[in-house]
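Student: Please give me a close look at a single part of this structure. I would like one connected explanation that I can follow while I look at the picture.

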Amino acid sequence: MSTIDTNAALPELAPVHNLPKGKLGVSLLILSEIFFFGTLIAVYLFYIGKDLSGPYPQDVLDPPFAAPTWAPMAVSFNSIFLLTSSIWIWLAVKALEQGAMARFTLFWALTIAFGGVFLAGTGFEWYGLIAEDGLWLNTNLFGSCFFTLVGFHAAHVTIGLLLMTIVLVLTLCGYNHQRHAGKVDLLSWYWHFVDGVWIFVFTVVYIIGYYG
Amino acid sequence: MRRAFVASGWMMSLLAATASGAAPVCAPGTAEMPSMFLPRSEPAEIILDITWLIIGICAVIFIVMEGLIVWAIIRYRKKRSESEGGEPPQVYGSNPVELAWTVIPLLIVFVLFLVSARGIFEIDKQEPPPGSLEVTVVGHRWWWEFDYGDLGFVTANELHIPLTKDGEPQSVYLMLESADVIHSFWVPQLAGKMDVVPGRINHLWLQPSRAGKYIGQCAEYCGNQHANMLITVYVHTEEEFARWVENQQKEAVEDAAVAEGRDLFMSTACINCHTIRGTVADGTFAPDLTHLMSRSVLGAGAAANTPDRLREWVWDPQNIKPGCDMPSMKLSREETDRICDYLETLK
Amino acid sequence: MTTAPESPRLALKAPPLSRLHEWVVTVDHKKLGLMYITSGLLFFIIGGLEATMMRWQLAWSDMGVVMPDEFNRLFTMHGTTMVFLVGMPILLGSANYLVPLMIGTRDLAFPRLNAFGFWLFLFGGLLLYFSYFGGQGLYGMGSAPDVGWFAYAPLTERTFSRGHSTDYWILGLLVSGFGSIATGINLVATILCMRCKGMSLMKMPIFVWIMLIDAILVVIAMPPLAASQVMLLFDRSLGAHFFDVQGGGSAVLWQNLFWFFGHPEVYILILPAFAFVSEIIPVFCRKVLFGYPLMVAATVAIGFISLGVWVHHMFAVGLSPAVNTAFMASTMLIAVPTGIKMFNWVATMYGGKIRLHTPMLFSLGFLVQFLFGGLTGIMLAVVPFDWQVSDSYFVVGHFHYVLFGGLVFTIFAAIYYWFPKVSGKMLSERIGKWHFWTLFIGFNLTFAPMHVSGMLGMPRRIYTYHADRGWEIWNLISSIGVLFQIIGVLFFAWNLLRSLKKGKPAGDDPWDAWTLEWSTPSPPPAWNFDVDPEVRSRRPLWDKKHPEDPDWKYE
Ligand code: HEA
Ligand code: HEA
Ligand code: CUA
Ligand SMILES: [Cu+2]
C-alpha cells in the first residue's frame, strides 16, 4: 500500500497499543465469570433469612469463628488450603519463567494437592449436609442457594484441577518448557480467580449467611 | 416527502382514534371501549393529562427531526444532472453545535422527569385513603375473585363499586393477590394496571367519576386462557350499590321447585371447587356461585351468562374456554339441565 | 488502485461434499460470518412465518385459525427466535466478517473459538426448535415452549408448565448463549489486540468502536442470564425453590434477573444497527461522519446506562414509587446519547451529496422509524403512562419499531452495502427499491396501528378478542401490512438469489467508500490483505483518494 504514496509529508503512524490477546482473552473470560458468580451471590444474599423451614445455616454449617472448639472449623481450614494453593501456583509460574523445571513441578503438584484437599473437604461437607442433615437443593431456599453457589464454585475448582493435572502430566512427560510459561501463567490467572471468588462465596455463605 | 406523509399520517390516526373514542354513543348496560382516552376515574384522568403532555412533546420532537431529515434529503440530494464534480466539503464536527444537542435533550428529559415523578407520587397510594372501600382481588388462572372483606361476601369476575359516598367521591382501594402465577389488573378507564404477583400484596387506587360499566382484562401473560381473563367493573350510584351489596350478603335462595337440581349439584364434585353460601358447597378453588345470576358473564368473560351458554358451560366448559381449570363433569344432558335450572335461581 | 496481485482462484470447483466439509471445518472469520448471517436469515423466515400465523389469527375478532395454546407457542417462539436466533447471529456474523477487514488483520484473535461459538449458537437454535418434536415425547406436534420470550416465573415452574418444553427454552438459549459469550470475548480481544499499524483506538472506524462496546455488553450481560436459567433449570428438574413462590421463592427476582440481562440485550441488538448506518450514511452522503469523538462517547454512555435501567420493564410490578422514579430517570437519560447519534447522522447529511441507493434508503427508513420507536420508548419510560400501556400492544408497537424498523432495516441496508464485497456481485438496485418500498409500507401498516390498539386497551399475548371491543380495524390493518412485508421479503430473496447467479461484477470498491475492507478484492481472499495495511486516519481510503486533502490533517 505504502508503495503508491510517494508523498513525503506523511505523518508518523500513530502508536498502536495492542494488548496481548491471551491475557486479554482470559481476563474477559474472568469478567464474564464474575458476572455469572455475581448473579448467584446476589441471589444468595437476597434469600438469606427467607427460608420457610429448616435446616437453617445456623443448624448445619460450620462457622469460621466458632468459639473454643476447633473441630467445627473444617470449612475455614479447607479454605486456607485453597487460598494457599494460590501462592504455590504463583511460585510455580515464577519457577517456570526461570526454567527451573523441578521447582515448577514441585509447586505445581502442591497446587493440585492443596486444591484437591479443598475439593475433598467440600465433598465431606456435602456428604454431611446431604446424608446427615438432610439438606439438598429441594429442601428449602437455603439448600437451593447453597448447593448452587458452592456447587458452581466446586465445579470451577474441578475444571481447574483437571487442567492443571493435564499440565502436570505434560510436564512429567517432558513436554512443558520455559517457553510455555506464558500459557501456564494464563491458567494460573484462572486459578487465582477461582480462589478469589471463594473469598466472596465464603464471606457470603459462612459469615453473612450464618451470622447475618 | 412521501416518507413524511406516511409518518405524520400515523400521528393523525392516533389523534383520530382518540377523537372517535371521545364521543361515545353508549346504551345503558353496554360498556364503552376500554380506552385510556376515556378516563372515568381520578388516577386515569391524571395519567391522561400526563399522556397528552408527552404525546405533545414527542410529536414536536418527531416533527422537527422529521423535517430536518426530509429537508436534508431534498436539499442535498445529488441531482442527476450534476456531474461528478468532486466531493462536498468535509465537516468533522463542531463543539458548540454538539454541545447544544447534548444539553437541549437533557433539559427536555428533565422536564419530563419532573412531571412524571409528580404523577407517580400522586397516583401510587401506599396507604388506603381515608374512607375507602377496600376489596381484596385474587387473580386465579383464569378468573378473578373479589373479596369484599368487611361486607362479608365473595364474588367473581365482576367488581361492583360505588360512585360516591355521602355525596363525596368514593375512593376504592384494591388489595391485589395471586393464587398461582402473575396476572395484572387493568381497567384502562379507571386506572393504570397493577400486576398481581404471587407472594406479594399490591395496591391499586380507584376513584370513579362516572357510573357505568367498564371492561378490563388481565394484562400479564398467565398461560393458556390469558386472553379470556376479563374484568368487568360496574360503577353504581350510592343507592344502587347499597342494593347490590344487600343482595350479595344474602345466602343462596332456596327454591323447592329446583330441589332436584340442587341435590344433584350437592352430590356432584361441583362442591369441591365451588361455594354456594348456605349450602354444603364450600370449595374455594373456583368462582363463588352464590349469586351466579347476578353476573352477566361466564368464565371471566368467555361467554355471556345466558341459559343456553350456561348449559353449554356446565356440559363441557372446555368447549367455551379450552384449557380452563374446570373439567367437563361428564353429566348427562338431563342432569346438566337440572343443575342449570337450579343455578338459574341463584339470583 | 490496488497493486495487489490477482488472488489465485482454483480453476476447478471441488465436489459438493468436500465443499460442504470445507464449510463445516472452517475457522475462517468470513466463512463463519456468512454462516452466522445465513442461519440468521433462515431463522428470520421461520420467525416471520410464526408472526404471520399470529397476525392471521388476530386479523379479526374471535378467529379460530390456531388453538390458544398453539398461539402461545407461536409468540414465544417468534420472540425468542427473533431476538436470539436472528438478531444475535446477524450481529455476531457481521462483526465476524467485517471487524478483521476493517482493522486490517487476518482473522479473529481465536479462530477456533470462533468456530466453536458459531456451532454452539446453531445447535442451541436447533435444540430450541427440536422442542416442537421433543417437548412432550415424540407424539404429535406442538409442544414448543409457551411461556413468552422472557419466561416469567412462576409460570415457568414445573407446577404451571408441565412437560419439557420450557426445559428446551432454557437449554437451547443456554447453549447458544455460551456461544455468544465466546464470540463476544473473541471480538473484544480481536479489536484490542489485532489492529493494523497506525490504527490507534481513536482511528478505528466507528463500526469497530460500536462493535467493541457491543461485544463487551455481550460478555457481561449474557452470564447473568445463564445463571438465572441454570437456577430455573434446577427448580424444574431438581426441585430447587429459587422462583417457586410456594417454597418461599420470589417471582420478582426472576424479573430482575431476566431484565438485568434483557435490557442490555435490546441495546446489544440495536448497537450493530447504529454501527451499520454510521458507516453507510457518510458514504452515501459523501461526507465524513459528523462528530466522531462524541459518537464514540455516546456509544460508551449507552453501554453504561443500559446496565442500569432494567426496572423499566417492571414499572407495573408494584415496586415502591422511589424505585420507579429512580429507574425512570436512568431510562430517560438514555435519550441523550441516543439523540446525539441521531443528530450527528442528520448533521452528516447536511451539506453532502446524497445518493439514494438502496443501502441509503434503508438507512433513512431506519432514521425515521427508530426515531419513532425511540420516542415511544421515552413515552414508556414515563411511569404513569407505562402503567396504562405496559404489556399492551403499545409496547409491541414500540419494540417492533426499534427492532424491525431499526435493526432489521439496517440489516437490509448492510446487506445491500456489503453484499458486493462479500460476493463480488452487485445486488439489483431496481429490485432493491421495490424491496424497500413494499417493506417500508408493510412495516408501518403493521406496527403503527398497534400503538393505537394498545392505548385502546388491547393487552399483548392474547390469542383472540371479543367483537365488542372495537379493536378489529386496527388489527386488520396490522395484518394486511404483513402481506406487504412478505412481498418485500420475497423481493429480497429474489434479489439475493438472482444476483448470486448473474449480478453485475462489483469490483473492489463499488460505493467509492473509505474503510479498509474496500481496499481488498471482492470477495476478499482467505488471507484478507496481501500487504499489511497501514492507516493514518479513520478513512484510510479517503487519504489515498485525496492525497491533497487527507483526513489526518483534521483528526
Ligand atoms: C432494539 C431494541 C430496543 C431499543 C433501542 C429500545 C429503546 C428504548 N426503549 Fe425499549 N423495548 C424493547 C426494545 C428496545 N427498546 C423491547 C424488545 C421491549 C419489550 C420487551 C418485552 O416486554 O417483550 C421494550 C420495552 C420497553 C419498555 C417497557 C415497556 C413495558 O413493558 O411496560 C420501556 C419503558 O421504559 C422502554 C423504553 C425504551 C427507551 C427509553 C428507549 C431509548 O433507548 C430510546 C432512545 C431514543 C430516542 C429518544 C430517539 C432519539 C432521540 C432524540 C431525537 C433526542 C431528543 C429526544 C428527547 C429529548 C426525548 N422499552
Ligand atoms: C427482531 C425482532 C422481531 C422482528 C423482526 C419481528 C417481526 C414481526 N413481528 Fe414480532 N415480536 C418480537 C420481535 C420481533 N418481531 C418479540 C421479541 C416479541 C415478543 C414475544 C413475546 O411476547 O414473548 C414479538 C411479538 C409479536 C407480536 C405480539 C404477539 C402477542 O403479544 O400476542 C406480534 C403480533 O402481531 C408480532 C408480529 C410481528 C410481525 C408481523 C413481524 C413481521 O415483521 C415479520 C416479517 C417477516 C416475514 C413475514 C417473513 C416471511 C417471509 C416469507 C414468507 C418468505 C418465504 C420465502 C422464501 C423462503 C423464499 N410480533
Ligand atoms: Cu391472568 Cu393473564
Ligand atoms: Cu428495556
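Tutor: Let's begin with a term: a salt bridge is a side-chain nitrogen of Lys or Arg within 4 Å of a carboxyl oxygen of Asp or Glu. The model is a predicted one, in which local features need pLDDT of at least 70 and side-chain atom pairs count only at pLDDT 80 or more, while totals for chains, interfaces and linings use all residues; side-chain values use heavy atoms, with hydrogens and water left out. Residues are numbered from 1 along each chain as its sequence is written, and chains are lettered from A and ligands numbered from 1 in the order in which they are written.

Our part is the place where chain B meets chain C. Contact here means heavy atoms within 4.5 Å. Of the 2 pairs of chains that touch, B and C have the most contacts. Chain B brings 93 residues to this contact and chain C brings 108 residues. Together they bury about 8,700 Å², and 72% of that is on carbon and sulfur atoms. (Buried area is the accessible area, taken with a 1.4 Å probe, that two parts lose on being put together, summed over both.)

Now look for the polar links. A polar contact is a pair of N or O atoms within 3.5 Å; within protein, one must be able to donate a hydrogen and the other to accept it, and residues adjacent in sequence count only if both atoms are side-chain atoms. Between chain B and chain C, 26 residue pairs are in polar contact, both residues being at pLDDT 80 or more. The rule also finds 1 salt bridge across this interface. You can find it where the side chains of B:Glu87 and C:Arg286 meet, at 2.6 Å from N to O.

Which elements of chain B supply at least two residues each of the side that touches chain C? They are helix H1 (2-22), helix H2 (42-76), helix H3 (95-123), strand E9 (194-196) and strand E11 (212-217). (Helices, H or I with at least four residues, and strands, E with at least two, are DSSP runs numbered from the N terminus.) H2(B) gives the largest share, 17 residues. Sorted by class, this side of chain B has 55 nonpolar, 22 polar and 16 charged residues. In that sorting, Ala, Val, Leu, Ile, Met, Phe, Trp, Tyr, Cys and Pro count as nonpolar, Asp, Glu, Lys and Arg as charged, and the others, Gly among them, as polar.

To put this part in its setting, turn to chain A. Chain A and chain B do not touch, and their nearest C-alpha atoms are 12 Å apart. Chain C, however, has 51 residues in contact with 41 residues of chain A. About 3,800 Å² is buried between chain C and chain A, with carbon and sulfur atoms giving 74% of it. C:Cys193, C:Phe242 and C:Arg536 supply 14% of the area that chain C buries there, more than any other three residues. Across this interface the rule finds 0 salt bridges, but there are 9 residue pairs in polar contact, both at pLDDT 80 or more. Helix H5 (165-193), helix H6 (206-238) and H7 of chain C each give two or more residues to the side that touches chain A, and H6(C) gives the most, with 11 residues. By class, that side of chain C has 33 nonpolar, 12 polar and 6 charged residues.
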